[in-house]
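Try each task with the model in view, then walk through the solution.

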Amino acid sequence: MATSSETIELRDIPFSLDTDRLLEQQRLRPGTEYATAFVDLVAQVREVARPKAIYKVSYIEEKAEDAVVLEGVRFTSRALR
């Protein structure tokens, strides 16, 4: 179990992009000039994207209706609260 002073780094996070779904979300019609440029951009992103994350176990110092304070940092979020 992690202690409060231990920071954990996560690497090799699975990452995929559904080009067809992205085109649909951006309302781009396949085969158009903008869609072709967008597909090229998605391909470039696939080549360079290497998602990482870090986390640290921290204790709640303060609770508010829509926020919490962890190690002196206030996070405003009802979901996090």
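**Exercise 1: The sheet**

Work out the order of the strands in the open sheet and the sense of their pairing.

Solution. Keep in mind that this is a predicted model.
- Step 1: Find the three strands and read their order, which is β3-β4-β5. The sheet they form is open, and the pairing is antiparallel.
- Step 2: Look at the edges, where β3 (60–63) and β5 (73–76) stand. Each has a single partner strand, so one side of each is left without a neighbour in the sheet.
- Step 3: Follow the twist, which averages 25° from one strand to the next.
- Step 4: Zoom in on one pair. Three antiparallel bridges link β3 and β4 (residues 67–70). For Ile60, the bridge partner in β4 is Leu70.

**Exercise 2: A helix with two sides**

Find which residues of helix α2 are buried and which are exposed, and explain why the buried ones line one face.

Solution. 
- Step 1: Locate α2 at residues 33–48, a run of 16 residues. From the first C-alpha to the last, α2 reaches 23 Å, close to the 22 Å expected at 1.5 Å a residue.
- Step 2: Pick out the buried residues of α2, namely Ala35, Phe38 and Val42.
- Step 3: Look down the axis of α2: the buried residues fall within an arc of 60°, so they line one face of the helix. As a general rule, an α-helix has 3.6 residues a turn, so residues three or four places apart point the same way.
- Step 4: Turn to the other side of α2, where Glu33, Gln44, Glu47 and Val48 are exposed.
- Step 5: Ask what covers the buried residues of α2; the cover includes α1 (19–25).

**Exercise 3: Thr19 and its neighbours**

Decide whether Thr19 is buried or exposed, and list what Thr19 touches.

Solution. 
- Step 1: Check the relative accessible area of Thr19, which is 17%. Buried means under 20%, so Thr19 is buried.
- Step 2: Leave aside residues up to four places away in sequence; Thr19 then touches Val39, Val42 and Arg46.
- Step 3: Take a closer look at Arg46, whose side chain makes a polar contact of 2.9 Å with the side chain of Thr19.

**Exercise 4: Positive phi in the loops**

Find where Asp12 and Arg27 lie, and what their phi values are.

Solution. 
- Step 1: Go to the loop between β1 (7–10) and α1, where Asp12 is found. Asp12 is not a glycine, yet its phi is positive, at about 55°. With 76% relative accessibility, Asp12 counts as exposed.
- Step 2: Move on to the loop between α1 and α2, which holds Arg27. The phi of Arg27 is near 55°, a positive value in a residue other than glycine. Arg27 is exposed too, at a relative accessible area of 78%.

**Exercise 5: Lys56**

Determine which residue's side chain is joined to that of Lys56 by a polar contact.

Solution. 
- Step 1: Find Lys56 in strand β2 (residues 53–56). Lys56 is partly exposed, with a relative accessible area of 36%.
- Step 2: Follow the side chain of Lys56 to that of Glu71, which a polar contact of 3.4 Å joins to it.
- Step 3: Compare with Thr32, 24 residues apart from Lys56 along the chain: their C-alpha atoms are separated by 46 Å.

Note on methods. Residues are numbered from 1 along each chain as its sequence is written. This is a predicted model: local features need pLDDT of at least 70, side-chain atom pairs count only at pLDDT 80 or more; totals for chains, interfaces and linings use all residues. Side-chain values use heavy atoms; hydrogens and water are left out. Helices (H or I, at least four residues) and strands (E, at least two) are DSSP runs, numbered from the N terminus. Buried means under 20% relative accessible area, exposed over 50%, partly exposed in between (1.4 Å probe, protein chains only). A polar contact is a pair of N or O atoms within 3.5 Å; within protein, one must be able to donate a hydrogen and the other to accept it, and residues adjacent in sequence count only if both atoms are side-chain atoms. The expected span of a helix is 1.5 Å times one less than its number of residues. The arc is that of the directions from the helix axis to the C-beta atoms. Contact means heavy atoms within 4.5 Å. Two strands pair if DSSP finds at least two bridges between them. Axes are lines fitted to C-alpha atoms, for helices over the stretch in contact, and angles run from 0 to 180 degrees between N-to-C directions.
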